[in-house]
Amino acid sequence: MSGAAFNLPHEVWFQVFLLLSDEEKGNVRSSCKYFKRLIDHPSMWRNSAVVLKKIRSYNSQYWDTLRRRKTSMVVVHKAGTKEWGLIATSLPWLSAITIDQLLDVKALGILLRFKNLKRLVIRSFQCHSELASVLAPLRQLTHLCLCELHRAPRAELINAVSQLTGLTSLFYHEGDKPISRRTLQGMLTCLPNLTELSLKMQAVYGILPDDYFYLPKTHHDPTDEVAALDSVPNKSLSGREDPGLTRLELLDYMDPMLSAVALEPLCFLQALTVCYRDRAVEPSRCNMRVWLRKLPCLTELTVARGYPLSLYVHSLPATLQSLSLLRVIIGPGDLSALGKQTPDLQHLHVDLCCYGRQSGLHELPALFPKLKTLKLRHWNMTEEEFVGLARLQHLQRLVVLDAQPGPSPALSNLIRQLQVKTDYRIQVIHSLIPRDPMACFCSQY
């Protein structure tokens with residue numbers, strides 16, 4: 001590398017390196033000592049998670065590198081008590097931990113040594129009753145995810161979670177049936193700061209009560225047993241004065257598990273995700289049409305599978321700014337109706353296997369003039385439709401979902417044409433966005 005490059009301010013190199021993936025940063029790091037020092041700066045790894053496997057094989061130099069980068073997020077895979085002790089000694093400031101396939105539940109007692117721990121994800125292991133006693137003291141947690149904890153004692157877990165009064169986000173993906181109404185309401189009442197809730201609805205369980213998400217004003221003592229949580233009387237629920245939940249995610253869902261009025265109490269909801277277990281074809285059961293009309297503050301909506309868009313497109317609120325339709329059937333005229341319903345849409349994710357000749361994709365620039373990000377498949381798009389995306393005057397980012405592992409020569413040519421027409425204003429990503437290693441697998445549809 002020329003000597004002039006070394007004279008560039010560090011801030012310039014930082015901006016360049018922030019555009020690289022972790023793997024690419026690793027390659028640059030190995031090129032010279034100067035880049036190694038810059039790459040290891042904590043600002044380069046602020047949003048990066050480290051996956052720790054075979055922990056005993058890591059040498060002192062590896063731990064020194066993580067300390068130098070001030071690594072704050074880790075995924076711990078199959079670790080025992082000794083491995084957890086090494087992690088706590090080497091990285092005591094960790095703020096986010098994902099535990100994958102825990103070997104010894106007693107090792108979780110070491111979590112108390114992480115005083116800055118705010119986010120905790122526990123996924124995929126044979127649960128024991130000791131887990132509840134480990135969770136309850138972690139009062140500093142703001143985000144908790146429990147996913148596929150086989151043979152988990154639900155009553156004890158719910159009681160422990162209810163004591164984490166600082167939680168703002170709860171992902172509860174455990175058990176073979178939904179939480180009962182009284183237990184859910186009791187738990188949520190003990191969590192006054194909770195704004196985000198994700199539930200895995202599991203197998204068909206019948207119809208849940210209309211007031212499933214209707215929360216009482218009075219806060220229960222978080223030390224009460226779950227039996228006390230189940231004692232909330234049906235008629236005394238008068239609603240909460242605070243906004244309550246603003247983000248709700250329903251996974252593995254099928255109508256008519258929740259009634260048409262089930263979401264009415266969540267009038268402050270800003271983001272809704274409904275991931276259906278399968279495609280749904282009975283129009284009379286589509287409660288989405290009613291739900292959307294009762295959510296005046298909704299700005300984000302994600303729907304996976306389920307009903308054809310035509311069944312609820314006219315119920316979409318005009319407040320929507322972000323919409324994701326994943327494997328949803330979109331028929332002729334649906335995009336046109338969608339554009340009329342959501343004039344302020346800024347982020348659109350349309351992930352379909354194919355569109356068909358009458359998809360209306362050529363109308364995207366006219367229908368959604370305010371789009372800033374667009375994710376879609378280019379398969380079956382004509383050259384005119386693809387290059388015509390240049391008419392989206394505010395588009396900043398285009399993600400081509402079906403170009404993995406890399407774009408074909410034909411697609412590369414289309415991308416060049418698009419970038420030339422927009423003076424390279426649009427960032428085009430032509431590979432699948434990697435999964436978040438820290439997140440629950442259930443939420444990565």
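Of the 445 residues of the protein, 50% count as buried, where buried means under 20% relative accessible area, exposed over 50% and partly exposed in between, with a 1.4 Å probe and protein chains only. This is a predicted model, in which local features need pLDDT of at least 70 and side-chain atom pairs count only at pLDDT 80 or more, while totals for chains, interfaces and linings use all residues. Residues are numbered from 1 along each chain as its sequence is written, and side-chain values use heavy atoms, with hydrogens and water left out.

The protein exposes about 21000 Å², of which carbon and sulfur atoms supply 53%; accessible areas come from the Shrake-Rupley method with a 1.4 Å probe, and for residues only the protein chains shown count as cover. Among contacts with a separation of 6 or more, 66% are between residues 24 or more positions apart, a contact being heavy atoms within 4.5 Å.

The protein has 15 helices and 15 strands, which are DSSP runs numbered from the N terminus (helices H or I, at least four residues; strands E, at least two). Strand β11, residues 322-326, is mostly covered, with 4 of its 5 residues buried. Strand β10 (residues 300-306) runs parallel to β11 and is joined to it by 5 bridges, two strands being paired if DSSP finds at least two bridges between them; here E300 stands opposite S322 in β11. β11 also pairs in the parallel sense with strand β12 (residues 347-351), over 5 bridges, and S322 stands opposite H347 in β12. From β11 the chain crosses through helix α12 (residues 334-341) to β12, in a β-α-β crossover that is right-handed, a term used if, with the strands pointing away from the viewer, the path from the first strand over the helix to the second runs clockwise.
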